[in-house]
Amino acid sequence: MNRTEQKTVAKMIYIYCAAKHGSTKALCADCEELRKYALKRVASCKFGEDKPTCQKCPVHCYSPQMRDRIREVMRYAGPRMLYKSPVLAIKHLVKGLQKNR
Ligand SMILES: [Zn+2]
């Protein structure tokens, strides 16, 4: 995962937390946990920046519980930040999450 993707994930969680949990500057405890988890998982992806796509990745980056939470964040925040973030980064992330639907 590159820096752009990491920023994208963090930003989506901020948008989500601000809207759903009323957070202003810092994330609430739950969302902070989610952010750390997500960044750690994607940062440790063994394919690094050369990976084909998460869809083909044999490694399960997210536990089912965390995947559900991330998916909810993306569903909410994704459409709200498309205009200011690289579309590719989001497409890549969403693709990876759809694999075990
Ligand atoms: Zn929150």
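## Basis

Residues are numbered from 1 along each chain as its sequence is written, and side-chain values use heavy atoms, with hydrogens and water left out. In this predicted model, local features need pLDDT of at least 70 and side-chain atom pairs count only at pLDDT 80 or more, while totals for chains, interfaces and linings use all residues.

## Zinc site

Four residues supply the protein donors of the zinc ion: Cys 17 (SG), His 21 (ND1), Cys 28 (SG) and Cys 31 (SG). They lie 1.9 to 2.3 Å from the ion. Donors are N, O and S atoms within 2.8 Å of the metal (3.2 Å for Na, K and Ca); water is not among the atoms, so sites may look incomplete. The spacing in sequence is C-x3-H-x6-C-x2-C. His 21 sits in helix α1 (residues 3-21) and Cys 31 in helix α2 (residues 29-43), ten residues apart. Helices here are DSSP runs of H or I, at least four residues, numbered from the N terminus.

The site is tetrahedral, with angles of 103 to 121° among the four donor atoms. The ideal angle for four tetrahedral donors is 109.5 degrees.

## Exposure around the site

Accessibility is relative, with a 1.4 Å probe and protein chains only: buried is under 20%, exposed over 50%, partly exposed in between. Cys 31 is buried at 3%. Cys 28 is partly exposed at 23%, and so is His 21 at 42%.

Ala 10 belongs to helix α1 and is buried at 14%. Its C-alpha atom is 9.7 Å from that of Cys 31, 21 residues apart along the chain. The whole structure has zero disulfides, meaning pairs of cysteine sulfur atoms within 2.5 Å.

## Aromatic pair

The whole structure holds one aromatic pair. Tyr 16 and Tyr 76 form it edge-to-face, 5.9 Å centre to centre with 75° between the planes. Ring centres must lie within 6.5 Å to pair, and planes over 60 degrees apart count as edge-to-face. The pair links helix α1 to helix α3 across 60 residues. Tyr 16 is buried, at 8%.

## Helix α3

Helix α3 has 18 residues (64-81). At 1.5 Å a residue it should span 26 Å, and its end C-alpha atoms are 25 Å apart, which agrees. The expected span is 1.5 Å times one less than the number of residues.

A kink of about 30° lies at Arg 75, shortly before Pro 79. The bend is the angle between axes fitted to the seven residues ending there and the seven starting there. Buried residues in α3 include Met 66, Ile 70, Val 73, Met 74 and Ala 77.

Notes
Helix = DSSP H or I, 4+ residues; strand = E, 2+ residues; numbered from the N terminus. Tetrahedral: all angles 85-135°; square planar, octahedral: opposite > 155°, others 65-115°. Phe/Tyr/Trp six-rings, centres within 6.5 Å; stacked < 30°, edge-to-face > 60°.
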